[in-house]
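Subject: Structure handover

Hello,

Please find the structure below. My notes on what was found in it follow.

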Amino acid sequence: MNVADILDSLNEYQRQAVAAPTGSYLILAGAGSGKTRVLTHRIAWLIQTAGVSPHGILAVTFTNKAAAEMRARIESLMATPLRGMWVGTFHGIAHRLLRSHWQEAGLAQNFQILDGDDQLRLVKRVLTSLNLDEKKWPARQALYFINAQKDEGLRPRHIEDHGDLYIKTHLSIYSAYETACQRGGMVDFAELLLRAHELWLNNPRLLQHYQDRFAQLLVDEFQDTNTIQYAWLRLLAGERNNILVVGDDDQSIYGWRGAKIENIQRFSTDFPGSQVIKLEQNYRSTGSILKAANGLISANPSRLGKELWTEAGDGEQISLYAAFNEVDEARYIVARIKDWVTQGNNYAECAILYRSNAQSRVLEEALLRSHLPYRIYGGQRFFERMEIRNVLAYMRLLGNKDADAAFERVVNTPSRGIGDRSIDEIRQLARSKNISMWQAAIFLKDHGQATGRTKKAIEGFLTLIDTMDAATADADLAELCETVIRMSELREYYEKETGERGQARLENLQELITAARTFEPESASDFTDPDDVAPLSLLEEFLNHAALEAGDGQGDANQDCVQLMTLHSAKGLEFPLVFLGGMEEGLFPHKMSLEEPGRLEEERRLCYVGVTRAMQQLYLTYAESRRINGTETYNRMSRFVKEIPEDLIQEVRSQQSVVRPAAGGFAGAGLRPQGNQWSSRPAAGSSIRGLTSFAAAELGGTSLKLGQRVIHSKFGEGVVINYEGEGKQARIQVNFKSDGSKWLMMAYANLQPA
Ligand code: ATP
Ligand code: MG
């Protein structure tokens, strides 16, 4: 592309930014206004007209995916592959620097990067070496302390304890941890950034070299930089001051991880002579979506203030679906995606975004059932998560003591003093005697050479499993799951993990119990003759289901598939069709955000990020009752929905009049209204226009509705809680007063209204 073409595809303000003389610039602009586009075009412009070599350009963005995308876009603009240009994430670039200058950085040549789990194990070893009781000084808390200090650029020597025992102890852990890392040649993520900063601070000649080399710096998503990243950029920019950053204060969503929105304000002071350029035209979304985003974000106080507009028409209204429960929500979303594809569109154009990873399980299951290809980004699939695998391994071991992989996984998780050497010994014994590890462990306990302590630990584990086995002899699947989580002490183990991550793990454990409670075997033994079904135990069926879900179904990166991700990982991306699920108070805004000042605003910005991902059509959905993290919740619709101007929204209800059972309904049915929350929503058919009846249409042909009380000749009275399929294949799930929930073939069930 030639120079004129580069500028041609830009508006006046974008052009001004792209073709500006070298200097420092802050492009402050709302979502979809072309910030990333300006950044890539600026690079092309610099190379083509300002004679800057690709070698002299350093561009930083937020994720590896974004970096790859950026490079591809620039190369396509230039119609040639670019060598020598550094495009990457802060961590990636810091790593590269440290690899090249390990000596100056004081590192071993072959230094290793520690991930979160390795880091935690190391902190535990440090606690032991310092004789600190982990109950009093949880490793996860110490880890959090260390990371937070590093993000602020602080070494132990920079921190005053002011006689505070908490700080004092954590400082000693931090110091010992540093020594251990240094001795072992290990570097954690936060250390990469801090070390790269210090590398330049302590080596002026090296810094000079990079300042000379990188004549142009460009930074995307600037609003989410933390203290050390900002300091690093300032050092590199030096006197020359050629730096262009693009960002949006309304999209700052990483405050909880140390990002400093203030960096935007500081920029103008710290980079003298810098200019601010604003972009206000949005090219991504329809008028309705944009107005919704503007309305929503205007509820935040203290914004830098900008209003987006578009030349595009209003497009479709935003749809709001009030689902009966989370299963209904997922089914609705899947149905809309099917419609979309039937109209000749692709799966990859659809994104389902959610606040919390625990929401993805039900969505995944709905997609799997309908055989729609999908891919989850920025988070593992539910059954692949470490905490879930651990619980499942215990369950598998209970079902079959000779399951070696399960044995290996849990024998020392949580840690119970059975070290790697002992496990190795068990493994070798099992191999030489051709017995399972379980049997080998018994043998070792009775006849082995191991020390008294190791023997005791092994015995403790064997007894634990036997006790669990006995305790769960009559348990149903959910009880089994719950007992395993409790008796294995996995819950306590994850409780010690501070921050969002620990919270997420605990939520996932609860979600697993829910999955077990609502699990319906594929063989659908409820309506087949029990004698025809192979006698697979429910536990086995559940474990098979989990294993299959973990392995298959997920499309690869290049396949056309529906995109699932958290709102946090959707930053910078765009999709023609977007679903924001779980628009409920307590879920989004997340209940934890209501306790700390400033967090609600950050949640609102996150919602703004979500809304502005949509190009053509946006669906907001919420569930009147939701089983999540093991409990039934009855949340009100999110305040964020109410902050969107009403005339932009078209409400779709599951039915115009859902028949709700009286309070105190059936256990586990998920249909117990609490307090007066039902009545706090606007009544169906109120001022919002355009009601349609989705679920009623799909239940089609029958007069049954979700939530309706029915009578079955054998099982008695129950409530309709779910359904799937059509015509002869249609199945209906009823929660019976005496027998609990059952799937029945609609054609044969002969249900009568109660
Ligand atoms: P976000 O804040 O979400 O990161 P952004 O400001 O980086 O958004 P871009 O992703 O650069 O926005 O642009 C949004 C969309 O608008 C892209 O599809 C981009 O190609 C398109 N776009 C931007 N500017 C123009 C323009 N002048 N003409 C046509 N399309 C444009
Ligand atoms: Mg962008």
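A crossing of two helices is called left-handed if the near helix is turned anticlockwise from the far one by less than a right angle, and right-handed if it is turned clockwise. You will need that term for two of the helix pairs below. Please keep in mind that this is a predicted model.

Helix pairs

I start with helix H9 (residues 189-202) and helix H11 (residues 227-237). The axes of H9 and H11 come within 10 Å and cross at roughly 30°. Angles under 35 degrees count as roughly parallel, so H9 is roughly parallel to H11. Their crossing is left-handed. On the H9 side, the contact is made by Leu193, Leu194, Ala196, His197, Trp200 and Leu201. On the H11 side, Ile228, Gln229, Ala231, Trp232, Leu235 and Leu236 take part. Sorted by class, the residues of this contact are 10 nonpolar and 2 polar, with no charged residue.

H11 also meets helix H5, which covers residues 90-100. Here the axes come within 12 Å, and the crossing angle is roughly 55°. That angle makes H5 oblique to H11. The crossing of H5 and H11 is left-handed. H5 contributes Phe90, Ile93 and Leu97 to the contact, while H11 contributes Gln229, Trp232 and Leu233. The classes are 5 nonpolar, 1 polar and no charged residues.

The next pair is helix H13 (residues 287-297) and helix H25, the latter spanning 599-611. The axes of H13 and H25 come within 9 Å and cross at roughly 175°. Angles over 145 degrees count as roughly antiparallel, and H13 and H25 are therefore roughly antiparallel to each other. From H13, the residues in contact are Ile289, Ala293, Leu296 and Ile297. They meet Arg604, Arg605, Cys607, Tyr608 and Val611 in H25. This contact has 7 nonpolar residues, no polar ones and 2 charged ones.

The ligand

Which residues are closest to ligand 1? They are Lys35, Thr36, Gln251, Glu574 and Arg613, out of 19 residues that surround ligand 1.

- Gly32 has a backbone N or O atom 2.9 Å from an oxygen atom of ligand 1.
- Ser33 has a backbone N or O atom 3.3 Å from an oxygen atom of ligand 1.
- Arg613 has an N or O atom in its side chain that is 2.8 Å from an oxygen atom of ligand 1.

Backbone details in loops

Where are the cis peptide bonds listed here? One runs from Thr413 to Pro414, with omega near -10°. Pro414 sits in the loop between helix H17 (404-410) and helix H18 (420-433). Another cis peptide bond runs from Phe588 to Pro589, with omega near 5°. Pro589 belongs to the loop between strand E13 (575-580) and helix H25 (599-611), and H25 is the helix that pairs with H13 above.

Finally, look at Ala79. Its phi is positive, about 55°, although Ala79 is not a glycine. Ala79 is found in the loop between helix H4 (64-78) and strand E3 (86-89).

Regards

How values were computed. Residues are numbered from 1 along each chain as its sequence is written. Chains are lettered from A and ligands numbered from 1 in the order in which they are written. This is a predicted model: local features need pLDDT of at least 70, side-chain atom pairs count only at pLDDT 80 or more; totals for chains, interfaces and linings use all residues. Side-chain values use heavy atoms; hydrogens and water are left out. Axes are lines fitted to C-alpha atoms, for helices over the stretch in contact, and angles run from 0 to 180 degrees between N-to-C directions. Helices (H or I, at least four residues) and strands (E, at least two) are DSSP runs, numbered from the N terminus. Angles under 35 degrees count as roughly parallel, over 145 as roughly antiparallel, 65 to 115 as roughly perpendicular and the rest as oblique. Contact means heavy atoms within 4.5 Å. Ala, Val, Leu, Ile, Met, Phe, Trp, Tyr, Cys and Pro count as nonpolar, Asp, Glu, Lys and Arg as charged, and the others, Gly among them, as polar. A residue is near a molecule or strand if one of its heavy atoms lies within 4 Å of it. A polar contact is a pair of N or O atoms within 3.5 Å; within protein, one must be able to donate a hydrogen and the other to accept it, and residues adjacent in sequence count only if both atoms are side-chain atoms.
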